[in-house]
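I opened the model in the viewer and kept notes as I went. The entries follow the order in which I looked things up.

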Amino acid sequence: MKLEPKQVAVITGGASGIGLALARALGDRGLSLALLDVEAAALEAALADLRGRGCAAEAWCCDVADAAAVQRVATEVQQRFMTVDLLINNAGVGGLLGPLWDSNPQDWRWVLGVNVEGVVNGIRSFLPRMLRHGRGHVVNVASLAGLVAPPFMGAYGASKAAVVGLSESLAHELAIIGAGIRVSAVCPGVVESRIGESHRNRPAELQAENRTPPEQLARIRAAFDAMMAVKMPADVFARKVLAGIEADEAYILTHPETHPQIAARLALIGQAAAQAA
Ligand SMILES: NC(=O)c1ccc[n+]([C@@H]2O[C@H](COP(=O)([O-])OP(=O)(O)OC[C@H]3O[C@@H](n4cnc5c(N)ncnc54)[C@H](O)[C@@H]3O)[C@@H](O)[C@H]2O)c1
């Protein structure tokens, strides 16, 4: 979709990290912004930042895992902006580190609730309004972890694989009905953000104890920290995503150093299919 001034972009998780970088980049291009985020103080700061740059922005404090809350916000966004051209389902959290056999049911509920149901709630609440306008673009922020399964982050990897899968389903559905709406799944490697502090937004009822033995967890955490050490600046990342939207890319791959891992995974599946043929 060609990005143009006066279009309206909804961004979940817009108060920090990737969401805020996308909001700045889109706001600088003259789009109006509707930010949804669960963290009230960060949301207020983001709104001040965006308005200070001259962007037209409004914000709603909202938990994307709460379907009714997202629906209420969608009605208010419609009243305020009349239309939505770009829906960016970005809000997401990283769960506990550790092997799957030590994983915790509350952690699964939190990670799948935000990362998967949050995306579905965005689609359910905003897409019917976009369909009535007959145009637009949906961007779902998945992860490299949705294409190449990460060890010791089972719930997160499963949630991001689900986001890639449901993005593909949605793209097929929209193509079959002939809607003029495209879908992009963004699959980044590491980006500068506060994802490492995701626990700040974990609801009290989903607090989860890490069951991995401490010495094993320390080794896993050291490997994870090393993997996360080289980060792409969020503004560089945002520019790549905007280019991907304008090119109608189904998969927006922002980190070239991750491409061999993706190709290796696809080659394994291709090999299995060739052997089975
Ligand atoms: N940073 C990375 O390296 C990286 C890599 C791949 C994918 N991602 C994905 O990018 C997305 C954005 O994460 P980020 O890295 O910018 O982290 P971040 O923590 O800086 O930003 C996430 C935002 O989502 C909000 N949020 C969390 N739970 C929410 C909820 N229930 N309802 C509404 N808002 C909620 C947070 O308050 C925060 O503003 C996530 O989906 C993440 O999985 C990040």
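Thr83 came up as buried, at a relative accessible area of 13%. I use buried for under 20% relative accessible area, exposed for over 50% and partly exposed for in between, with a 1.4 Å probe and protein chains only. The model is predicted, and local features need pLDDT of at least 70, side-chain atom pairs count only at pLDDT 80 or more, while totals for chains, interfaces and linings use all residues. Residues are numbered from 1 along each chain as its sequence is written, and side-chain values use heavy atoms, with hydrogens and water left out.

I placed Thr83 in the loop between helix 3 (67-81) and strand 4 (86-89). Helices (H or I, at least four residues) and strands (E, at least two) are DSSP runs, numbered from the N terminus. Leaving aside neighbours within four places in sequence, I found Thr83 in contact with Val8, His133 and Arg135; contact means heavy atoms within 4.5 Å. The side chains of Thr83 and His133 make a polar contact at 3.4 Å. That term covers a pair of N or O atoms within 3.5 Å; within protein, one must be able to donate a hydrogen and the other to accept it, and residues adjacent in sequence count only if both atoms are side-chain atoms.

Next I checked Met130 against Thr83: 47 residues separate them in sequence, and 7.2 Å in space, C-alpha to C-alpha. Met130 sits in helix 4 (residues 105-133) and is buried, at 0% relative accessible area. Beyond four places in sequence, the contacts of Met130 include Val84, Asp85, Leu86, Leu87 and Ile181.

I also looked up Asn121, which lies in helix 4. Asn121 counts as buried at 2% relative accessibility. Setting aside neighbours within four places in sequence, Asn121 is in contact with Val64, Ala65, Asp66, Ala67 and Val70.

Then I went through salt bridges, defined as a side-chain nitrogen of Lys or Arg within 4 Å of a carboxyl oxygen of Asp or Glu. The structure holds twelve salt bridges. Arg53 pairs with Asp28, with closest N and O atoms 2.7 Å apart. This pair links distant parts of the chain, Arg53 being in the loop between helix 2 (40-52) and strand 3 (57-61) and Asp28 in helix 1 (residues 17-28), 25 residues apart. Arg53 is partly exposed at 41%, and Asp28 is partly exposed at 48%.

Asp107 and Arg202 also form a salt bridge (2.7 Å, N to O). Asp107 is in helix 4 and Arg202 in the loop between strand 6 and helix 6 (214-227), 95 residues apart. I noted Asp107 as buried at 4% and Arg202 as buried at 9%.

Glu197 and Arg194 form a salt bridge with closest N and O atoms 2.9 Å apart. A network of salt bridges links Glu39, Arg194, Glu197 and Arg200.

Last, I took the chain as a whole. I counted eight helices and seven strands. The radius of gyration is 19 Å, close to the 19 Å that the globule rule gives for 277 residues, so the chain is as compact as a globular protein of that length. The radius is taken over C-alpha atoms, and the rule is 2.2 Å times the number of residues to the power 0.38. Of the 277 residues, 49% count as buried.
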